[in-house]
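The entries follow in the order I made them.

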Amino acid sequence: MPQTIVLDKIRRLILLKTGIKTISPSDCRFIGLSIQKEISKNVSETTLKRLFGFAEVKNKFSKYTINALLEYIEKSGSYDLVEKELYHLSNTNEKFSTIQLNAIDITLNTLRSTKNRSSVPYSFTIPRCFAKLDFDHFYNSDYSFTAFVSQAGYGKSILLSHLVQTSFVDNDAKYKSDTVLFVYARDIFDDQNEYSNIEDRIKSKIGLNQRTNLIEYFKEKNEKNGSKLVVIIDSFSDLITNKDSKPIIFDKLINLISLIGDEKFVKIVFSMRSTMWSRFYDRIKNIPFLKKKWFPGTYFNLKYQSNIPPLAADEIDSILKKMEPNRADKISSTLKSQLKYPFYIQWYYLLKEEFPKFDTFTNIIFFEIVDRFVRDKIYQTSYATEKVLFCKKIISLSNNGKGRKAVFKSELIADLSNFKNAYRELLAEGILVEEKQELDGFVVDLVRFVHPHLFEYFLFVELLDKHNNVLDKVFFEDIETEYSGNSARFQILQWSTRLLIIKSEFQELNNLLTLNLSNYEKTYLIYFIAENLNYRQNIQPSVATYLEEDELHHMMMNNIIHFDFADSCYKEAICSLLSISKNDKYSFMYLVILSTFDCFSFYKEQLKTRLDELEKLVKQGENWLINPYGLLKYIYSSLAGEEYRNEELLAQIEAFKSGEIVVPKDDEELPGYMEMFSFVLMRTYNVFHGDFNEANRMLNAMITYYPKLMLSENVNSAYLFGMMAFLRAASQSSEMPSLTENIRLKLFHINSIGNSTPYIQIVYLAARALESKNEKDYRTAILYTDKCLEVFRRNNLTLHEILMYNLLIKLYNEIGEQEKRDEYIHQKLMLMDKRNVHGSILHSIK
């Protein structure tokens with residue numbers, strides 16, 4: 001039937017229904033209000049004027065308008081308009097299979113769009129386990145709706161796409177027989193004036209006649225075949241909303257949920273950012289029926305308005321294995337823990353795309369990620385200046401990070417009028433968050449940074465501004481004074497390090513390293529410096545030039561020689577320094593340190609490779625007390641079971657023990673790093689080719705050459721005292737009984753001021769184990785030895801492990817527990833077999 005004939009019927013019946021005999025333009029407003037009141041649908045006054053000829057008709061009337069008018073006419077039930085042509089003006093086919101096909105087509109289009117919009121290749125993303133479990137519970141429950149809620153960047157769209165794919169689309173999908181409609185919010189809520197409710201928009205999407213009741217239709221299908229309707233709405237953040245449109249959206253969602261009532265065959269799922277959900281929740285929290293129909297999810301947190309947790313460790317591993325299958329296991333646990341926020345994954349991916357061969361152990365990549373995130377979300381957006389000022393205002397109100405991290409919103413009110421748009425965008429992008437807290441019986445509004453690293457970034461920016469952008473000695477001393485014991489202190493130092501390298505102000509790094517840092521902090525910062533230099537030399541020529549100078553490595557060596565063999569960061573820091581070294585002198589030194597690790601770990605093949613590299617630089621060892629190349633060759637020959645003899649080297653060692661050589665000293669008459677490592681290597685050589693008497697001669701010679709070591713409180717002295725305690729206990733010396741207590745007090749003091757290391761402490765604990773054995777306190781001796789064994793095993797210090805096995809074997813032999821003794825003999829043999837070293841070591845290491 002032509003539309004003109006249908007319109008004539010509609011006009012006549014509207015006039016008949018309303019009792020209007022002569023229509024005028026003003027009556028159109030009355031008719032529009034009547035339609036809104038009776039059927040809750042909106043037909044504008046202008047549209048009615050066009051219908052009755054008071055306005056120009058440029059296009060055909062929409063199917064929505066015609067069906068709305070038909071529904072209005074038939075509302076009272078007294079007008080017989082059941083004509084086939086009128087019922088099917090929308091050209092819909094209500095065959096259920098067609099309805100489902102329409103819905104799945106829209107769903108597949110939304111899935112394709114989501115995959116294309118993914119910030120990393122979609123194949124690298126994973127389904128969230130908790131989401132599937134939560135949805136399965138929701139699907140089979142009496143709840144009508146659930147929402148996935150989080151700050152921006154938590155992967156809500158990816159989460160929903162995987163959920164739809166595995167639950168409804170895949171061939172083995174659990175709910176494949178259901179009707180699923182996966183749409184973006186703009187597909188449902190745009191064109192506010194044309195569609196008065198979500199029900200109409202859903203019917204329009206899936207091809208269901210507008211005059212058909214959505215709930216009744218799917219109730220009938222559910223009774224016949226158990227099929228449910230699942231509507232999933234994503235990307236509310238894409239909607240352009242304001243204070244007027246947002247309540248309309250909320251009302252339409254509420255009306256849809258109310259329309260479902262207690263029916264179980266229609267399920268609504270949607271995703272929202274925390275800020276929008278918070279306002280929606282305020283609308284429903286006092287409506288018992290709506291709260292009863294809401295499934296909050298396993299992880300819902302009312303304070304943070306979120307139910308999407310950060311990525312779990314196994315989820316991060318799964319993503320990284322997809323992204324970097326060959327090296328995912330090598331990525332540090334610290335970096336993995338920082339990648340638990342999904343929105344950082346994209347920045348990690350982009351960095352790895354730019355620098356695929358750049359491997360890191362420190363959290364340098366995380367600092368680059370945060371920097372890029374801030375640039376993308378703040379500095380390169382509208383209202384950038386206002387956003388930065390607002391963030392710095394929060395830092396200022398937090399007493400520059402020394403007070404509470406969340407500030408009262410009331411304190412920001414004066415600035416909100418100036419920065420209103422900037423503030424809204426900071427909330428929307430998940431940089432800031434509002435939260436409520438009860439204080440003295442009153443509920444107050446607080447504002448804070450969503451993530452602590454963003455707080456630390458702007459804290460650093462604020463402190464830098466206060467020091468006129470100068471990172472000098474005064475700056476670092478102020479940080480040390482003001483932030484002692486503050487968790488942000490070390491982050492500020494790392495941001496400072498990064499900026500100094502970017503600005504090529506390398507000399508200021510010494511001001512940083514001379515702070516009162518623990519040896520672990522110093523090692524980590526040196527490692528962080530080395531990795532930053534390695535990273536920056538690819539993009540800053542000035543950095544590459546500086547790496548050729550002696551000054552950098554001299555600075556590093558003065559700060560890193562503290563024998564922290566029980567800290568993997570120490571070894572990795574040396575590896576990183578070696579990778580950027582362009583100076584033979586320091587390359588030789590780094591290789592010697594790494595070779596010492598190989599000796600301790602019995603990594604003979606790796607040691608052989610390093611010896612080949614050292615051989616090319618062997619002249620650099622001529623300035624040492626004893627050329628380390630020869631000592632390392634001796635140790636390698638023991639591990640490999642090869643014959644090696646160097647009479648000149650043996651004579652030099654004997655001359656050292658006899659006090660017959662001239663040793664270099666610094667201004668304070670203490671050994672430098674070459675002298676200390678010469679001693680470490682001689683002591684290691686002694687374990688393979690000597691006894692405790694010879695070891696004591698080496699120790700006494702070192703003290704004779706450098707008597708001030710006994711008075712010093714530096715790490716060299718700590719190492720020497722630890723070794724002294726171990727050798728005295730191992731040789732069961734009875735000389736000067738009070739000396740043991742003096743050593744203990746000295747080591748305790750050095751440790752208390754931060755100049756000891758875990759390795760020195762564990763060597764001293766091994767000495768305590770030996771002392772306990774000598775005193776027949778076997779229980780304590782076994783307890784201490786087991787603790788030492790645990791640390792040595794964790795750090796692959798095989799030489800030390802064997803020494804502890806030897807001690808345990810002796811202990812259990814003395815107390816008559818032969819089974820335990822035999823068990824440790826077996827473990828010792830298995831360890832040596834695993835390292836594939838020569839059997840003679842079994843008897844030479846005692």
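Before placing anything, I noted that helices, of at least four residues, and strands, of at least two, are DSSP runs numbered from the N terminus. I also noted that this is a predicted model.

Entry one. I looked up where Asn 468 sits, and found it in the loop that runs between helix H22 (452-466) and helix H23 (473-482). Its phi is near 55 degrees, which is a positive value in a residue other than glycine. Is Asn 468 buried or exposed? Asn 468 has a relative accessible area of 63%, so I put it down as exposed, the cut-off for that being over 50%.

Entry two. I turned to Asn 400 and read a phi near 50 degrees, again positive in a residue other than glycine. Asn 400 belongs to the loop between helix H19 (384-397) and strand S6 (407-408). I recorded Asn 400 as buried because its relative accessible area is 14%, and buried means under 20%.

I then went to helix H14 (residues 288-292), where Leu 290 is placed. The relative accessible area of Leu 290 is 2%, so this residue is buried. Which residues does Leu 290 touch, leaving aside its neighbours within four places in sequence? I listed contacts with Phe 145, Ile 254, Ile 257, Ser 258 and Ile 284.

I checked one pair separated in sequence. Between Leu 290 and Val 791 there are 501 residues of sequence separation, and their C-alpha atoms are 57 Å apart in space.

Technical notes. Residues are numbered from 1 along each chain as its sequence is written. This is a predicted model: local features need pLDDT of at least 70, side-chain atom pairs count only at pLDDT 80 or more; totals for chains, interfaces and linings use all residues. Side-chain values use heavy atoms; hydrogens and water are left out. Buried means under 20% relative accessible area, exposed over 50%, partly exposed in between (1.4 Å probe, protein chains only). Contact means heavy atoms within 4.5 Å.
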